[in-house]
Amino acid sequence: MKKSIPATNDLCPQTMFLYGTYKEDGSPNFGLFCWFSYYWDSELGVMACIGGEKLTKERIRATKVFSANLVTEELLPLADYWGNKNGHDSDKMDIAADVEKGSVLDVPVLLKSPWVYELEVAKSIPTGDGEVLLCKIKNVLVDEVLCDAAMTDEDKIKAIKPAQTVGGTYFAWDGNAMGKWGEPMEKVKSTNYSL
């Protein structure tokens with residue numbers, strides 16, 4: 001038997017990405033997002049939706065480029081911190097993380113993320129307080145180990161361990177809960193955190 005329920009994202013598993021932009025002063029900014037998927041228009045593209053107004057959205061509008069850095073179980077505390085901290089807060093990016101410039105676009109890239117897209121906005125579709133961005137994939141940066149032809153897709157997923165979110169909770173790839181939104185970032189706030 002099936003039952004009709006109200007439309008919500010309570011059970012809508014999402015892989016997460018940290019969107020990287022440069023602030024006006026040239027320093028990196030990362031925001032956590034999960035409304036991310038793919039589309040086809042003669043080539044593979046990325047669609048990303050950003051609701052509300054935030055610094056990451058402002059910078060994407062200004063530059064038309066950003067990076068999308070896959071969030072792994074290891075990156076989750078940092079991702080949760082950056083996702084819960086306002087981009088306009090002057091201390092948001094005070095957490096040490098290894099960042100380099102993209103290989104093709106002028107975007108910040110997290111070295112610890114095993115799969116990173118360098119994206120250029122091709123079209124923006126306003127949706128009330130949100131915006132859907134249709135993006136061209138200008139480059140894909142992956143950890144070298146993932147280029148091993150002998151690795152199966154299962155091996156790759158087990159190696160990178162992407163984190164997911166459902167209904168305000170984070171989950172490991174194996175389905176085990178990793179905390180509610182706002183909980184993993186407590187590790188980042190501790191004085192001995194390092195990534």
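This is a predicted model: local features need pLDDT of at least 70, side-chain atom pairs count only at pLDDT 80 or more; totals for chains, interfaces and linings use all residues.
I started with Phe-36, which counts as buried at 11% relative accessibility; buried here means under 20% relative accessible area, with a 1.4 Å probe and protein chains only. Numbering runs from 1 along each chain as its sequence is written, and side-chain values use heavy atoms, with hydrogens and water left out.

Next I looked up ring pairs, meaning Phe, Tyr and Trp rings (the six-membered one for Trp) with centres within 6.5 Å. I get 10 aromatic pairs by that rule.

I checked Tyr-19 with Phe-33: centres 4.5 Å apart and planes at 15°, so I call the pair stacked (planes under 30 degrees apart). Tyr-19 is in strand S2 (residues 17-22) and Phe-33 in strand S3 (residues 28-33), so this pair ties together parts 14 residues apart in sequence; strands are DSSP runs of E, at least two residues, numbered from the N terminus. I find Tyr-19 buried at 0% relative accessible area, and Phe-33 buried at 9%.

Phe-36 sits in strand S4 (residues 36-40) and Tyr-19 in S2, so the pair links parts 17 residues apart in sequence.

Last entry: I traced the ring pairs onward, and they link Phe-17, Tyr-19, Phe-33, Phe-36, Tyr-38, Phe-66, Trp-115 and Tyr-117 into a cluster.

Key: Rings of Phe, Tyr and Trp (its six-membered ring) pair if their centres lie within 6.5 Å; planes under 30 degrees apart count as stacked, over 60 as edge-to-face and the rest as tilted. Helices (H or I, at least four residues) and strands (E, at least two) are DSSP runs, numbered from the N terminus. Buried means under 20% relative accessible area, exposed over 50%, partly exposed in between (1.4 Å probe, protein chains only).
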